[in-house]
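Subject: Structure handover

Hello,

Here is the structure I promised to pass on. Please open it first, then read the notes below it.

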Amino acid sequence: MSYLLRVQLPDRPGSLGALALALGSVGADILSLDVVERGAGFAVDDLVVEVPQGALPDTLITAAESIGDVRVDSIRPYSGVLDTHRELELIDQVASARDDRLQVLVDGVPRVLRVGWSTIIDVGPQGAYRVVGSPSAPETQAGSAPWMPLEKPATLDPDAEWVPEIWRDMDTKLAAAPLGNTGKVLLLGRPGGPDFRPSEVARLGYLAGIVATVLG
């Protein structure tokens, strides 16, 4: 069983090693690590860890937080494919697709940016509508998008009036980025959190911008 563990830890030598030892003490192996963000004296890392069958995720939290100044932001089951060049591979997949390039994009984004779902939204005479969505995207769609047109990548207020009630009930964190000058927007949802970090929003913006260029 694999989990995606987001931790905040001191940005100093030895912190990651101590965390690895603590996780190893409960039988967890670190399979991959991504630095999400660095701040004044701290770092936020995403770790994919594998645990023995039947092990409880709570043991990972307890082990990690047994180290001073380490905080677990979130823990989620992880079934994605490990890949250190996720963005580049997705861009290549979109570029080489003959049809349904937008569908290829939204299908790949949850794995690349580690979110629950992704959709592309546009605005027509009847208001906002979904162009395409990933298989995990909720059936309930937003009927309006007062924040469009969107000029730059941003987080969105998850409690705003336009957000469907079921999204709010699932504590879905939201972020979006414009797809170039098309008027369309790439919208991401992360049910249950954690919040989108500024660095993640920046990655979303870079990816959307490059893909918009590929799509022409």
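A pocket here is an open set of grid points with protein on both sides within 12 Å along at least five of seven lines. One caution before the findings: this is a predicted model.

**The largest pocket**

The largest pocket has a volume of about 290 Å³. It is lined by 14 residues, and those closest to its centre are Pro 77, Tyr 78, Pro 110, Arg 114 and Val 115. Three elements each give at least two residues to this lining: strand 4 (71-77), helix 4 (101-113) and strand 9 (185-191). By class, the pocket lining holds six nonpolar, four polar and four charged residues.

**The cavities**

How many cavities of 30 Å³ or more does a search of the whole structure find? It finds two.

The largest cavity holds about 90 Å³ of space. Strand 2 (29-38), strand 9 and helix 6 (198-215) each give two or more residues to its lining. Look at the charges there. Eight of the lining residues are charged, four are nonpolar and none is polar. Among the residues that line this cavity are Arg 6, Asp 34, Asp 46, Arg 86, Glu 200 and Arg 203. Val 36, Leu 113, Leu 188 and Phe 196 also line it. Arg 114 is in the lining of the largest cavity, and Arg 114 is also among the residues closest to the centre of the largest pocket.

The second largest cavity has a volume of about 80 Å³. Its lining includes Thr 119, Ile 121, Tyr 129, Trp 167 and Leu 187. Strand 5 (117-124) and strand 6 (127-133) each supply two or more of the lining residues. Strand 6 gives the most, with three. The classes here are six nonpolar, two polar and one charged.

Strand 5 deserves a look of its own. Is this strand mostly covered or mostly open? Mostly covered: six of its eight residues are buried.

With strand 9 the pairing is antiparallel, over five bridges. Trp 117 has Gly 189 of strand 9 as its bridge partner. With strand 6 the pairing is also antiparallel, over six bridges. There, Thr 119 is partnered by Gly 133 of strand 6. Strand 5 runs on to strand 6 through a hairpin of two residues.

Over to you.

Best wishes

Technical notes. Residues are numbered from 1 along each chain as its sequence is written. This is a predicted model: local features need pLDDT of at least 70, side-chain atom pairs count only at pLDDT 80 or more; totals for chains, interfaces and linings use all residues. Side-chain values use heavy atoms; hydrogens and water are left out. On a 1 Å grid over the protein atoms alone, a cavity is a set of points where a 1.4 Å probe fits but cannot get out, and a pocket is an open set with protein on both sides within 12 Å along at least five of seven lines; lining residues have an atom within 4 Å of a point. Grid points are joined across faces, edges and corners, and a volume is the space filled by probe spheres set on the points. Helices (H or I, at least four residues) and strands (E, at least two) are DSSP runs, numbered from the N terminus. Ala, Val, Leu, Ile, Met, Phe, Trp, Tyr, Cys and Pro count as nonpolar, Asp, Glu, Lys and Arg as charged, and the others, Gly among them, as polar. Buried means under 20% relative accessible area, exposed over 50%, partly exposed in between (1.4 Å probe, protein chains only). Two strands pair if DSSP finds at least two bridges between them.
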